[in-house]
Amino acid sequence: MLFVFGFLLLAFGLNAQKYAPQPKPADPPKPYGPVPTAAQVAWQRMEMNLFCHFGPNTFTGLEWGEGTEAEDIFNPTALDCNQWVSVAKNAGFQGIILTAKHHDGFCLWPNPQSTHTVRESVWRNGKGDVLKELSEACNRGGVKFGIYISPWDRNAPTYGTNAYNKVFLKTLRHAHTHYGPIFEQWFDGANGEGPNGKKQVYDWKKFNGQTKKLQPNAVIFSDVGPGCRWVGNEEGKCGRTCWSRLDVEGREPGKNAPSQDTLNAGNYNGACWIPAETDVSIRPGWFWRESEHPKSVQELLKIYYNSVGRNSLLLLNVPPDSRGLIPAEDSLRLMEFRAALDTIFAHDLAKNIRNICVSNFRRVYEPDHTGNCYSWRNTVFIEPCCGFSVIDDDYDTYWATDDSVTTAWLEIQFSQPKTFNRVMLQEYIPLGQRVEKFHVEVEDENGTWRTIAEETTIGYKRIVLTETVTTKKVRIVIDKSRACIVLNRVGLFMDRVMEN
Ligand code: FUL
């Protein structure tokens, strides 16, 4: 009798606990520190974009053209921007940024402010327009379009005088009003001498102000943003610690930019949200040269982990050749790179796993939506149907802790041992960047926990490279967070492609 009573009590007791009304309905975490704009979030979620350096240098072999090259030098024999777009799409790149004007001043569109453009060349009898072709091809192919326009101009006669800033503003205006929406405006910080031997004092305030007015959704790149920042090197390497915050008060692109180390890591207390963009070329140079060849898949994977896997966007330069096509060896390499990424990331061992527990969670949803979350001892089990899951594909659902909880763990349990060597974590950046120290532990067959990685920041995406481990239990331990923890994704993968 006592046994039956005990059993009933246990059964009803557990049941009552499972379906008890939750004490704190709908109480999402407040944003912490500077947060991204909607355009910056959309930009960061693109993860990988193509950069195309193309212009007179493609035909002369120079990296920095003199600005004195004859316009006729630019004469691609088989330009096809649809090919660029299909390469980008098939390789999983979301956008393309074209050097509409590099330091030599040559414009790939008939810019009325210049006499050094495609219009003055023999190419298509002066009727060609690369910006038009690429923007239209991007539009058709569903790839976003962006432009690089160098303020440094070795051809413009007014360069080095106040008049040049006006010319440059008109140049920007023309590009920004004729070629549809652009997702990114790339401003190079290089500032050398113009044809009269003088350097220009740039009017960045006006360049940025007008760009924002004409292209409100364009993320503006420069050493100091305001939309995104240079990562501080051209080797494809973002800092292991990478804050998407930067102090830019009194700073300018070029000479007065923060140090390369600061750009690489960001500022812990930076006042502005200016995430890092890692620009790197698939070849040794930025422009195509017959004698150069693309990097290997291993090198590209390393770059991927060191950029996208470290809270940065990857802008990979793949220069079209003198025909105006992305060479076969580069597009082939990109397909191999894509195939490698697909192989590694196709199977997420954590996806929709039912056994996840956390040391703390915030009750975000109304009681009737929490039927599948129940307390057990000190932990809370979360099943995939819960709105704040970290293991689904919904970007806007997350695991968050109570406001006062800045140290917490999340444990994934498998019924059978699983083998992995990549741990992917994502913070929900619309609410800011919070985590400053975390580690990953696994349990061995004797029940002993062992640390396999210790890192600092997470940000939009962090992919931790670990030794290859086989385990039934993994713990992500957030050791220090600047406000309550908000993670929207945890993934576990096995990379058999990259040699560690
Ligand atoms: C640098 C330029 O000087 C290079 O030529 C290239 O365009 C690279 C992306 O930025 O500052």
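1. Basis of the note. The model is predicted, so local features need pLDDT of at least 70 and side-chain atom pairs count only at pLDDT 80 or more, while totals for chains, interfaces and linings use all residues. Residues are numbered from 1 along each chain as its sequence is written, and side-chain values use heavy atoms, with hydrogens and water left out.

2. Polar contacts and cover. A polar contact is a pair of N or O atoms within 3.5 Å. A polar side-chain atom of His103 lies 2.8 Å from an oxygen atom of the ligand; for Trp64 the corresponding distance to a ligand oxygen atom is 3.0 Å, and for Tyr148 it is 3.2 Å. On its own the ligand has 290 Å² of accessible area, of which the protein covers 89%; such areas come from the Shrake-Rupley method with a 1.4 Å probe.

3. Two packed helices are described by the angle between their axes and the distance between the axes. Helices here are DSSP runs (H or I, at least four residues), numbered from the N terminus, and axes are lines fitted to C-alpha atoms over the stretch in contact, with angles from 0 to 180 degrees between N-to-C directions. The axes of H6 (residues 162-178) and H7 (residues 204-214) come within 10 Å and cross at roughly 20°. H6 and H7 are therefore roughly parallel, a term for angles under 35 degrees.

4. The axes of H4 (residues 81-90) and H5 (residues 130-141) come within 8 Å and cross at roughly 40°, which makes H4 oblique to H5. H9 (residues 297-307) and H10 (residues 328-345) pack at about 55°, with axes 10 Å apart, and are therefore oblique to each other.

5. Backbone features. Gly225 and Pro226 are joined by a cis peptide bond with omega of about 15°. Pro226 lies in the loop between strands E5 (219-222) and E6 (228-230), strands being DSSP runs (E) of at least two residues. Glu47, although not a glycine, has a positive phi of about 65°; Glu47 is in the loop between helix H2 (38-44) and strand E1 (48-52).

How values were computed:
Polar contact = N/O pair within 3.5 Å; in protein donor to acceptor, adjacent residues only side chain to side chain. Parallel < 35°, antiparallel > 145°, perpendicular 65-115°, else oblique.
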